[in-house]
Amino acid sequence: MTDVNTLLAEEGRHEARDLHRGLKDRHIQMIALGGAIGVGLFLGAGRAIAVAGPGLLLSYALGGLIIFFIMRALGELLLYRPVAGSFATYAEEFIGPFAGFATGWSYWFTWVTIGMAEITAVAVYVHYWFPDIPQWIPALVTLAVLYSVNRISVALFGELEFWFALIKVVTIVAMILIGLAIIFFDLTPLGATASFSNLWRHQGFMPFGILGVVMTLQIVMFAYQGVELIGVTAGEAQNPEKVLPSATNSIIWRILAFYLGALVVMMALVPWSELKPGVSPFVFVFERIGIPGAAGLINFVVITAAASSCNSGIFSTGRMLYTLAQFRQAPKAFGKVNRHHLPANAITFSAALMSIGVVLNYVVPEEVFIWVTSISLIGALWTWSIIVIAHLGYRKAVAAGQAKAVGFRMPGAPYMNWVVVAFMVAVGALLALDPGTRVALYVAPAWFALLGIGYRLSTPAKRRATPRAA
């Protein structure tokens with residue numbers, strides 16, 4: 001354990017010297033919220049509704065409950081040690097060196113693939129106005145702009161993400177309020193058919209049975225990716241002891257309200273059977289409402305939502321590579337910062353890998369979205385599982401007097417920790433049932449085999465044998 005503590009202390013010293021705590025309370029709140037409201041809701045919901053109908057609400061509620069326990073476990077760990085490495089650091093300390101190595105690199109890989117998905121989504125949305133433009137061009141432009149922003153300053157990143165997220169939140173709230181006004185006061189031509197009874201009148205609440213609900217769990221959990229971003233911001237938060245518990249608690253309820261509220265209103269306004277898998281349900285519903293220019297405005301909002309998530313991805317991948325370099329599990333160059341206190345080399349490398357998404361948009365524009373989203377989900381399932389397992393190790397360390405206790409605690413431990421892990425395994429297994437998502441299960445073994453090789457080559461034998469902290 002001495003070796004682990006030495007490296008953790010070194011990481012803390014480097015982070016305090018290198019990174020600038022330029023993220024304010026409002027930045028943290030919106031980054032956590034904005035990272036989880038992206039393409040999964042604005043575009044992925046259409047595909048999920050086609051699979052489960054209104055029963056999709058049960059999937060989001062169940063997934064949200066699981067996310068609640070994950071976030072409370074993460075919040076407890078963040079209060080114990082608020083560092084940019086977050087779950088990779090906790091895995092290193094409370095599970096073992098390989099867990100830290102695999103988690104850091106897997107989370108980096110997850111957000112690289114999410115970035116590919118988001119620039120793909122931008123390209124798809126741009127076709128609403130410019131159907132003939134090649135899909136790879138908007139993808140490339142989006143990535144280039146967001147990379148430039150992330151290279152300037154963490155405060156600029158936080159400010160841009162704040163406004164990106166605010167646009168999404170205002171749009172969802174406006175859609176819910178406008179939808180409720182139409183339903184209750186019969187406004188616009190859509191008011192004649194809009195009713196909450198649309199949730200159960202068309203072949204029932206679960207038209208495809210419980211199987212349809214279960215089959216959407218992997219889409220739902222992809223949509224929830226990003227809630228854990230609050231952990232990556234910990235090293236650059238101005239007042240982590242105050243901000244992190246507040247953001248951890250509020251993000252859960254806000255996301256549930258936005259996701260469930262928006263879906264209920266959309267499927268009440270328009271029967272679920274009219275929504276198309278490849279079209280954003282938000283754009284479709286506003287077209288049906290008939291407000292002049294509303295559909296185009298919503299399409300713009302959806303583009304900012306995808307750009308926001310990609311922006312968060314560039315930020316998080318850069319910080320994770322920085323942390324891996326501090327642990328000597330990545331090239332030293334990634335652990336260096338520029339004069340703006342940014343891990344510039346790590347950001348550049350991550351963005352360069354995201355550019356593979358531009359190539360895929362050129363080569364396989366129809367398949368790229370479902371491929372990269374399912375692959376990214378594997379990394380998220382691993383990360384979330386590691387958070388609750390590391391939390392178990394932390395609680396054992398507290399009981400043994402090896403770690404300090406904090407006042408912010410996860411309820412239901414240790415039993416809910418294992419319920420979360422079992423749920424993650426079940427969602428991963430569901431990927432095998434769809435030919436489009438099955439590619440993730442081909443990539444996952446190759447990825448973890450590569451991690452095993454990389455770990456042995458980059459880590460001395462003495463460190464590989466270091467016992468975990470609990």
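This is a predicted model: local features need pLDDT of at least 70, side-chain atom pairs count only at pLDDT 80 or more; totals for chains, interfaces and linings use all residues.
Residues are numbered from 1 along each chain as its sequence is written. Local features need pLDDT of at least 70 and side-chain atom pairs count only at pLDDT 80 or more, while totals for chains, interfaces and linings use all residues, and side-chain values use heavy atoms, with hydrogens and water left out.

Take the pockets to begin with. On a 1 Å grid over the protein atoms alone, a pocket is an open set of points where a 1.4 Å probe fits, with protein on both sides within 12 Å along at least five of seven lines. The largest pocket holds about 460 Å³ of space, a volume being the space filled by probe spheres set on the points. Its lining (residues with an atom within 4 Å of a point) runs to 21 residues, with Leu43, Arg47, Glu366, Phe369 and Ile370 nearest the centre. Helices H3 (39-42), H4 (44-52), H7 (97-126), H12 (217-224) and H19 (368-399) each give two or more residues to this lining; helices here are DSSP runs (H or I, at least four residues), numbered from the N terminus. H19 has the largest share, four residues. By class, the lining has nine nonpolar, nine polar and three charged residues, where Ala, Val, Leu, Ile, Met, Phe, Trp, Tyr, Cys and Pro count as nonpolar, Asp, Glu, Lys and Arg as charged, and the others, Gly among them, as polar.

H19 turns up again in the second largest pocket, giving six residues, the largest share of that lining. This pocket has about 270 Å³ of space and 14 lining residues, of which Ile378, Leu381, Trp382, Met424 and Val425 sit nearest its centre. Twelve of the lining residues are nonpolar, two are polar and none is charged.

Now for the helix pairs. H5 (residues 56-80) packs on H19 at an angle of about 50 degrees, with the axes 9 Å apart; axes are lines fitted to C-alpha atoms over the stretch in contact, and angles run from 0 to 180 degrees between N-to-C directions. The two helices, H5 and H19, are therefore oblique, the class left over once angles under 35 degrees (roughly parallel), over 145 (roughly antiparallel) and 65 to 115 (roughly perpendicular) are set aside.
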